[in-house]
Structure formats: C-alpha cells, structure tokens
Amino acid sequence: MLITNMTYSYILRVILVVFLAYGCGQLEEKPKPNILWILAEDLSPDLGCFGLSQVKTPVLDQLAAEGVRYTNVFTTAGICTPSRTALAVGMHQTSINAHHMRYPTEMRNALPEDILPINEIFRRNGYQTANIKGDVGTGKTDWSFKSELNAYDHQSWNEFDQEKPFFAVVNLRLTHRPFEKDEKNPINPNEVKVPPYYPDHPVARQDWADYLESAQLMDSQVGEVLQVLEEKGWSENTIVYFFSDHGRPFTRGKSFLYDSGIEIPLIIKCPSGLRWHDYLPNGSVNDQLLSSLDIVATSLSMAGIPKPAQLQGNVFLGENAEAERDFIYATADRSGEVFFKSRAVRSNKYKYIRNYNNGFSINEASTAYRKANHPIYHLLNILAERDEVNEVQRKLIEPLPEEELYDIIADSFEIRNLAGEPAFEKELQAMRDRLAEWQKETTDYGMQEDPEALANAFEVYGKESFEKNEKRILEQRARVLQQLN
C-alpha cells in the first residue's frame, strides 16, 4: 500500500498521542473533584466580605479572597422547606407540587419517578454522598416530597471511603432564631443601621445586632468545616460552595419575596490544581443574576455529570456554561396558618410581585412562632397603636396590594410601589406577561386549589401553634412594652 506524506504525518501524530498517553504504562484518569455545600440558615449577604464591615467574618472573608463572591443570587422561596425542596431536585418547588412550608408528612406528594434528588444523581455517577450531623452540621434536609431515594450515604466525615469522590452538605443552624450571642466580639446595637421600614429604636437595633453576632459565630463554624478538609487531606481536591437557604429571619424578610427574603450570599472556592480554578479567579466578584437552582446545575457540571433534562437551573461556569439569566423567579404559598400565594419575577432592574392572596398586612402575615420570637413584630404594632410610625414603616401594617413593582436600582429597599403609576405601565405589563409565561412553562401547581383535607390540616396546625406559643407571644409583647415605657 502506498503511504503518502500526508498519511505518514498522520501516523506519526497518532503514535505521539499514544506515547504521551501511555508512555508511562497507562493513562491515569484525573480524579473527580469533591463538591462541598456549606449551607447556612436564614442569612442574607450580611457579612464582612459583602460590605458589612462591622460584622467580623474572617473565615468567609478569606474564602472570598481565595475564590469568587457572587453578589446577585436569589432563592426560589423566602423560607426553608420550599427553598430546600427546590435545591434537592434542581426544580422550582411549584413544578413538583411541593410548594408549601412543611406539609403534614402523610400529605406530601411523591416525587415523580423520572425526577431524582441531587444526592441520588451524584450517587449514580460514582460519588458517595453525605449530610454531616454532629458538632458542626445539623443533618437538616426539610424536603416537602416523598421519595425512597432521599437518603445520604454518610452523616460523619469518618465514614467516608477515601477512594471515592464525595458530594457533601453541611447545614449550619446559626443565624436561625433564637440567635446566639458572640461574647468575644459583641456588636454595639447603637452602631447598627436597620432598614428604613423598621423603627429606628433600641428594640429593633438590638435584634439586628443579635442576628449579626450570630453570623459571626457561624463564620467560626465554617472555619471548623474547612479545617476538617485540611486534616483529611481533601482541601486540594474539594470545590467549596458557601450559601444560605434564604434571607434573614425578620419581618419583611424570611417568608416574603422581597430581596430581604430571597437574596443570599454565594462564595465558591476552587483549589488551584483543579481545572475549574480558571473560571474562579482568586478574589474576584461576579454580579450575574443567579437562581439557587443554578447552584445545583453547576455543581453537577463540575462533577462531570450531564445536566438532567428536568433541571430548571443553568450551568453558569465552565465550557458548558449557558446564557446568563434575564430573570429569576420565587414563590410563597402556605406557611403554617398564613396563606400567602404570592409570585415574584425579578430582573436586574425591576421586581414584580403578584399577591393572589392580599388584604392582610405584612406584619399581620406572621405565624404564631414568629409572633413569639420576633420583637419587631410587637414594636411595629405598639408604635402604630400610638401613631408613632412614619409613612414607610406604616406600610408594614397596611394591607398588601395585589401587585407590587419596584425599581431595584433606584429603590434597593423596595419601598416605592410603582404598580399603578402611569409612567411604569409598560414595565408592569411586561413583568406580568413574563410571570404568566413562566407559570405556564414550569407548571405552577401552586395556582391550583388545595385539597380540602390539606387546607384543613394547615388550619389545625395554626390553631395548635397559637396555643403552643400564646404565652410566649404575650411575654414578648410585654418585654417590648417595658423597653418602650
């Protein structure tokens, strides 16, 4: 057979590739990276590295200095169970009919057979999975669906197989109420600045300072988790995500669809020896619009796992990165005895909220648990009774409108509702249309009527919760009154 120069050149290239690949025996496949989620509870971006200099968070500040800090990230709900449910499957909780806050166990819907929890996807692709429970790590899942595939392989670092990559979650309770005091680094309540929709009063400032101190203690726990990686020899092959399940636990924060309820911090660190480090340069800041669902899709992509068809998040890093988002979406439905049924769509410029249930106030839309644990709830009521709240604060005790539209850039606290203003009718209609399209695209089960048995179960829950918390509610109001007099 005649061998041409072109053929000869081709053969030489093949031989060279084979030699490089197998010259040392057999080509060793690079190990897959470990993926670690450090998941805080009830935390907005209220950290030193996110610009709150009075909050001492040296561990997270260093993590951000060694990775990327994302400044425009939002959860699918402003409360834990629906938000964590979405994280568990990479889909909006409304798409799998698991959108309420803490269903009665026997009334949870089964996860469709073609939808796998993320831990099971990792497991089927060669990963061991863990939800750490111990001194640091609560083992919390709090999912709203039934599935036989929702268990993790391990709860302790010591159970890990050293020969297999891992996907691990460490849930941190701190920043959830009740707050814990940081005795070593107390924050002076007279030096904190509360949002303008709260009365600038010692009761509000003390509650805010307590929350920030709890964030400082949580920072130390992150340090303990990272120390485990060092001690086990995993730090050079583990990609670390730090984020939270939703926003801060305050009136108009947790449970609600304002940024204070759904905006979260996100830091990702990738060791320099992994190829993903090229996409995560040290100390960089990224402001692209992200949903928490995107964390799921990107974590799988980093593990070399093809994106499952049902995932509603986008891969935002690497060669498989998808187009940047124009919108994020969030929902609020039943939360104990309170039935919100609200939907939100947010761009980088505008936030639209549709309150299908309205006529009650933000402060009134508080569960018995919240009334027993939130001093600002009582502060607002008492000062309103005395006619000592300003126009902005009064909005928290006035009925919720059916529609809300905010210019996020000009009005970051979402105070001036533009819905109804003629100058913004075009923007309002555009956001209405976008929300309606999304609800159709993703099948919003929350728009369907709940079965009577489910509605009754939540009503019973509410009555039992009030009876359980009634004494504490009265005590909390008495404490606030004492500080006012």
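# Close-up views of a predicted model

Lysine 463 is exposed, its relative accessible area being 52%. This residue of the predicted model belongs to helix H12.

**Figure 1. Lysine 463 in helix H12.** The view shows lysine 463 together with arginine 275, a residue 188 positions away along the chain. Their C-alpha atoms are separated by 54 Å. Lysine 463 is classed as exposed because its relative accessible area, 52%, is over 50%.

**Figure 2. The second largest pocket, with a volume of about 480 Å³.** Its lining consists of 25 residues, and Met101, Arg102, Thr367, Tyr369 and Tyr461 are the closest to the pocket centre. Helix H8 (368-373) and helix H12 (452-484) each supply at least two residues of this lining. The largest share, six residues, comes from H12. By class, the lining of the second largest pocket comprises nine nonpolar, nine polar and seven charged residues.

**Figure 3. The largest pocket, with a volume of about 560 Å³.** Of the 22 residues that form its lining, Pro45, Asp46, Arg248, Glu263 and Phe413 are the closest to the centre. H5 and helix H6 (259-262) each contribute at least two residues to the lining of the largest pocket. This lining divides into 10 nonpolar, five polar and seven charged residues.

**Figure 4. The largest cavity, with a volume of about 120 Å³.** Rolling a probe the size of a water molecule over the atoms shows where empty space is left. The structure holds four cavities of 30 Å³ or more. The largest cavity is lined by 14 residues, among which Trp37, Leu39, Trp143, Tyr152 and Val169 lie nearest its centre. Strand S1 (34-40), helix H3 (80-89) and strand S6 (166-172) each provide at least two residues of that lining. Nine of the lining residues of the largest cavity are nonpolar, three are polar and two are charged.

Figure 5. In H2, the buried residues are Leu60, Leu63 and Ala64. The buried residues of H2 pack against strand S2 (68-74), helix H5 (202-232), strand S7 (238-244) and strand S8 (263-269).

**Figure 6. The largest nonpolar core, made up of 73 residues.** Within this core, Leu36, Leu47, Leu60, Trp157, Met218 and Phe242 touch the most other members. The largest share of the core, 12 residues, comes from H5. Apart from it lies another core, of 46 residues, which includes Val73, Trp143, Leu300 and Ile305. Trp143 of this other core is also one of the residues nearest the centre of the largest cavity.

**Figure 7. The contacts of methionine 218.** When residues up to four places away in sequence are not counted, methionine 218 touches Ala40, Leu43, Leu47, Leu60, Leu172, Leu174, Thr175 and Phe242. Leu47, Leu60 and Phe242 are listed with Met218 among the residues of the largest nonpolar core that touch the most other members.

**Figure 8. The cis peptide bond between arginine 177 and proline 178.** Omega of this bond is about -5 degrees. Proline 178 is located in the loop between S6 and H5. Most residues other than glycine have a negative phi, and most peptide bonds are trans.

**Figure 9. Asparagine 97, a residue other than glycine with a positive phi.** Phi of asparagine 97 is near 55 degrees. The residue is found in the loop between H3 and strand S3 (109-110). With a relative accessible area of 24%, asparagine 97 is partly exposed.

**Figure 10. Serine 255, with a positive phi of about 90 degrees.** Serine 255 is not a glycine, and its place is in the loop between S7 and H6. Serine 255 counts as buried because its relative accessibility, 7%, is under 20%.

How values were computed:
Residues are numbered from 1 along each chain as its sequence is written. This is a predicted model: local features need pLDDT of at least 70, side-chain atom pairs count only at pLDDT 80 or more; totals for chains, interfaces and linings use all residues. Side-chain values use heavy atoms; hydrogens and water are left out. On a 1 Å grid over the protein atoms alone, a cavity is a set of points where a 1.4 Å probe fits but cannot get out, and a pocket is an open set with protein on both sides within 12 Å along at least five of seven lines; lining residues have an atom within 4 Å of a point. Grid points are joined across faces, edges and corners, and a volume is the space filled by probe spheres set on the points. Helices (H or I, at least four residues) and strands (E, at least two) are DSSP runs, numbered from the N terminus. Ala, Val, Leu, Ile, Met, Phe, Trp, Tyr, Cys and Pro count as nonpolar, Asp, Glu, Lys and Arg as charged, and the others, Gly among them, as polar. Buried means under 20% relative accessible area, exposed over 50%, partly exposed in between (1.4 Å probe, protein chains only). Contact means heavy atoms within 4.5 Å. A nonpolar core is a set of buried Ala, Val, Leu, Ile, Met, Phe, Trp, Tyr and Cys residues joined through side-chain atoms within 4.5 Å.
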